Amino acid sequence: MKALEQAQSTNDYASQINILYMLGTHRAKDGSKQGAEEALEVTDCWRENETATDFDPCIIQVYNQAFRLAKMSGSEMEGPVEVEIALLNFSLGNQNEAMDRFESGLRKYLIDPQRAKNLNPKILLQFFLMLNECYYNLKAFQRGIDYLLDYMSRLNTVGAGQGMFPNLILSVGEMCFLSAQYEACVEHLEGSAGIVNELSPDMRWLYYNYLGWAYVRQKKFKEALPILLKFVEVAKVR
Amino acid sequence: MYLQTIEVPEGTVLDSLEQISAIHDILGDKDAAVAAFKLALAEVRKINLQEKPILGIKHYYFLGIFSVNRLGDPVQAKELLETAYIVAKRMPDFPWHSVAVDLSDVKYVMKDRDGAAAQLNALLQETNVDDEITIKVLYKLARIHSEMANKSKALEIYERLVEKVRTSEKSVLPEPLVAHRVGKLYLLTGNLSKASHFLKLAQSDETDPELKSQVGVALTAVKAQAGERQEALKGVEELVLITENSITKDTVPIGELKTDLGEILLILGEYNRATEEFQKVTDPTVINLHKP
């Protein structure tokens, strides 16, 4: 706590943000009693005999405090802190808030092209996994399609995260299918030549499944046939 | 989005194999359709019906209907539909009635009329059968009895059917169509008052020219058989007018109408006119002698 007090006394926003971020993350991820208590103390949330679940709104306050400081000081931590807020909302079941926060936070990851290039695609994809779950649960398919396409375009602009494209395109195709936009589903899946080979072998069946059935729904049976045959082949050897 | 291996959900491969078979059939490749069907068949047998009854019913039912309608294999269809039926029937609140109707259809296609009738009769004993299903069951059962020359039973069921159609809010079969069938059947049994009663019920439909002409013919035949000569001849003239107006319009099957008219004229002793009408059946200038 001394470190935080010190940072506050010298108006060192970056240190304050980092400390708050770590406190929140420590509590949220590890469930550490000490981390939680420190975080709660910072936000005056401490009450006796609180249950672990009751701590969560307090943790959000820690993150919100960090987020406000990051925004005010133009810190590069704004994105990561907002994604943490999204994660917490997601785990609390606040899907709408989580969706907004993920979208906003993930965009901020790309503000600095150099930093964007250093991002770990696997971690980013985990965030997208949860964001997509929000889209599915809220049936916000069109919003999801628009966001993912926009995100891919931003990734292209900064020249980062190309390895995520197959998964993101597959998600776009899936959401097009689930929202009965079969033509668009085919367009995205067929239009991204070669993505099927970049997908992990265990996921290729999904590509063929959505593509084949999108053709079937459009009564384009000749086009559907080879894709469905491929699906059966891939699905059966798994 | 998926980051880890996810299992292919049970039934997904089967869905695709069924679709592949259907597409081959649509594209006219029967052999490929049968080959894919066989693969689907092997796949459906893997379903644990105790654990996944709904999935089982869905696919056994689909493959059963597919094999009779698309592949012309009622024997295979019967086995598949019977499985779907057994699984469906032991599930509480499952709508198994329509599966039973389809199973009776397959038995009917296999010329097993007794089996089909037994299946339908069992359904009639059930309570809470939807009106739509009851109407279908009565109609099919009446048809079977009629074909088995069991006219009195057929008529009894047809009368129940007319009543059901009249009182039901679900119009699966139009009442005039059913009434026409009942009326004609009574005409064949010689019960002219009942025939007349039901044929007059059938007259309520003004929208179907073919049915209207058929009902007109049957009513005229009733009058002819009842000895109401003048009334019957008047009916004949009206029908002749209909046939002349319909020759170029293709609204009624002229050939059948002329044949029926000829038969009525024979009853009335109008042999020359009857011959004329019969001859017109083979007239090459009449284009719509028989409807497809």
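Mentor: Chain A of this predicted model contains 14 helices and zero strands. Its elements, taken from the N terminus, run α-α-α-α-α-α-α-α-α-α-α-α-α-α. Of its 238 residues, 42% count as buried. Among contacts in chain A with a separation of 6 or more, 53% are between residues 24 or more positions apart.

The helix pair to look at in chain A is helix 9 (residues 141-158) with helix 10 (residues 165-178). Their axes come within 9 Å and cross at roughly 155°. An angle over 145 degrees counts as roughly antiparallel, and helix 9 and helix 10 of chain A are therefore roughly antiparallel to each other. The crossing of helix 9 of chain A with helix 10 of chain A is left-handed. On the helix 9 side, the contact is made by F141(A), G144(A), I145(A), L148(A), L149(A) and M152(A). Helix 10 of chain A supplies F165(A), L168(A), S171(A), V172(A), M175(A), C176(A) and L178(A). By class, this contact between helix 9 and helix 10 of chain A has eleven nonpolar residues, two polar and no charged.

Chain B also has a helix pair to describe. The chain itself has 14 helices and zero strands, in the order α-α-α-α-α-α-α-α-α-α-α-α-α-α along the sequence. Buried residues are 41% of its 292 residues. For contacts in chain B with a separation of 6 or more, residues 24 or more positions apart account for 48%.

In chain B, helix 10 (residues 192-202) packs with helix 11 (residues 209-225) at an angle of about 155°, and the axes are 10 Å apart. Helix 10 and helix 11 of chain B are therefore roughly antiparallel to each other, and their crossing is left-handed. Helix 10 of chain B brings L192(B), A195(B), S196(B), L199(B) and A202(B) to the contact, while helix 11 of chain B brings V215(B), A218(B), L219(B), V222(B) and Q225(B). Sorted by class, these are eight nonpolar and two polar residues, with no charged ones.

Now the surroundings. The largest nonpolar core has 136 residues, and A84(B) and L161(B) have the most contacts inside it. Helix 13 (residues 204-217) of chain A gives the most to this core, with ten residues. Leaving out residues up to four places away in sequence, A84(B) touches I57(B), Y60(B), Y61(B), G64(B) and V99(B).

H59(B) lies in helix 3 (residues 53-69) of chain B. H59(B) has 25 C-beta neighbours inside 10 Å and therefore counts as buried, the cut-off being 20 or more. With residues up to four places away in sequence not counted, H59(B) touches G11(B), L14(B), V44(B) and I47(B). L41(B) is 18 residues from H59(B) along the chain, and their C-alpha atoms are separated by 9.2 Å.

Last, the contact between the chains. It takes 25 residues from chain A and 14 residues from chain B. The side of chain B that touches chain A divides into ten nonpolar, four polar and no charged residues.

Methods: Residues are numbered from 1 along each chain as its sequence is written. Chains are lettered from A and ligands numbered from 1 in the order in which they are written. This is a predicted model: local features need pLDDT of at least 70, side-chain atom pairs count only at pLDDT 80 or more; totals for chains, interfaces and linings use all residues. Axes are lines fitted to C-alpha atoms, for helices over the stretch in contact, and angles run from 0 to 180 degrees between N-to-C directions. Helices (H or I, at least four residues) and strands (E, at least two) are DSSP runs, numbered from the N terminus. Angles under 35 degrees count as roughly parallel, over 145 as roughly antiparallel, 65 to 115 as roughly perpendicular and the rest as oblique. A crossing is left-handed if the near helix is turned anticlockwise from the far one by less than a right angle, and right-handed if clockwise. Two residues are in contact if their C-beta atoms, placed from the backbone, lie within 7 Å. Ala, Val, Leu, Ile, Met, Phe, Trp, Tyr, Cys and Pro count as nonpolar, Asp, Glu, Lys and Arg as charged, and the others, Gly among them, as polar. A nonpolar core is a set of buried Ala, Val, Leu, Ile, Met, Phe, Trp, Tyr and Cys residues joined through C-beta atoms within 7 Å. A residue is buried if 20 or more other C-beta atoms lie within 10 Å of its own, exposed if 12 or fewer, and partly exposed in between; C-beta atoms are placed from the backbone.
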